[in-house]
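Colleague: I would like to learn how to read a model like this one, feature by feature. Could you take me through it slowly, giving the general idea before each case?

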Amino acid sequence: MEKQIIELEKKYWQGMENHDYETVKQLTHFPCIIAGKNGVQSVNEDKFKKMFESGDGDKIKVLNISDIEAQLLTENTAIIAYSIELGMADGTKKSSMKCACTSTWIKENNNWVCALHTEAELSQE
């Protein structure tokens with residue numbers, strides 16, 4: 001089961017990388033909770049779509065996902081934490097960004113969806 005959650009998380013990032021809203025939407029529970037550099041917010045589908053579309057100019061590229069820890073808590077709830085390195089696909093940024101991420105996945109109508117995602121940018125050492 002942990003392997004399936006890892007694959008879902010990678011599919012989510014691939015959707016972000018390809019700017020594929022339908023894939024990302026299908027993998028998201030609404031309202032979802034997002035926590036990161038802009039604080040904590042509950043996001044409904046309309047707000048999520050606006051946030052997704054506003055990032056259209058920022059073409060991210062997933063460079064690496066590592067240090068993955070995943071656990072199935074119940075048959076309908078799983079958590080995952082990992083490190084991710086992101087770059088800009090168009091090469092405009094001079095360096096990559098590394099973050100520690102967590103996600104909570106729940107099984108809803110026999111499909112796994114992400115209900116909570118956090119990102120914390122890691123300091124460059």
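Colleague: Is phenylalanine 30 buried, partly exposed or exposed?

Modeller: Buried stands for under 20% relative accessible area and exposed for over 50%, with partly exposed in between, using a 1.4 Å probe and protein chains only. Phenylalanine 30 has a relative accessible area of 21%, so it is partly exposed. Before we go on, note that this is a predicted model, in which local features need pLDDT of at least 70 and side-chain atom pairs count only at pLDDT 80 or more, while totals for chains, interfaces and linings use all residues. Residues are numbered from 1 along each chain as its sequence is written, and side-chain values use heavy atoms, with hydrogens and water left out.

Colleague: Which aromatic pair does phenylalanine 30 form with phenylalanine 48?

Modeller: Rings of Phe, Tyr and Trp (its six-membered ring) pair if their centres lie within 6.5 Å, and planes under 30 degrees apart count as stacked, over 60 as edge-to-face and the rest as tilted. The structure holds 4 aromatic pairs. One of them, between tyrosine 21 and phenylalanine 48, is tilted, at 6.3 Å centre to centre with 40° between the planes. Phenylalanine 30 and phenylalanine 48 form an edge-to-face pair, with 5.3 Å between centres and 70° between planes. That pair links distant parts of the chain, since phenylalanine 30 is in strand S1 and phenylalanine 48 in helix H3, 18 residues apart. Phenylalanine 48 itself is buried, with a relative accessible area of 7%, and tyrosine 21 also counts as buried, at 13%. Tyr21, Phe30, Phe48 and Phe52 form one aromatic cluster.

Colleague: In what order do the strands of the sheet lie?

Modeller: Helices (H or I, at least four residues) and strands (E, at least two) are DSSP runs numbered from the N terminus, and two strands pair if DSSP finds at least two bridges between them. Here an open sheet of 6 strands, with mixed pairing, has the order S2-S1-S6-S5-S4-S3. Strands S2 (39-43) and S3 (60-74) stand at the edges with a single partner strand each, so one side of each is left without a neighbour in the sheet. Strand S1 (residues 28-36) pairs with S2 in the antiparallel sense over 5 bridges, and the bridge partner of cysteine 32 in S2 is valine 43.

Colleague: What lies across S1 and S2, and at what angle to S2?

Modeller: Axes are lines fitted to C-alpha atoms, for helices over the stretch in contact, and angles run from 0 to 180 degrees between N-to-C directions. Helix H3 (residues 45-54) lies across both strands, running at about 120° to S2.

Colleague: Which residues does threonine 28 touch?

Modeller: Contact means heavy atoms within 4.5 Å. Leaving aside residues up to four places away in sequence, threonine 28 touches Tyr12, Phe48, Val113 and Cys114. Threonine 28 lies in strand S1 and is buried, with a relative accessible area of 6%.

Colleague: How is the side chain of threonine 28 joined to that of tyrosine 12?

Modeller: A polar contact is a pair of N or O atoms within 3.5 Å; within protein, one must be able to donate a hydrogen and the other to accept it, and residues adjacent in sequence count only if both atoms are side-chain atoms. Such a contact, of 3.0 Å, joins the side chains of threonine 28 and tyrosine 12. The side chain of threonine 28 also reaches the backbone oxygen of valine 24, at 2.7 Å.
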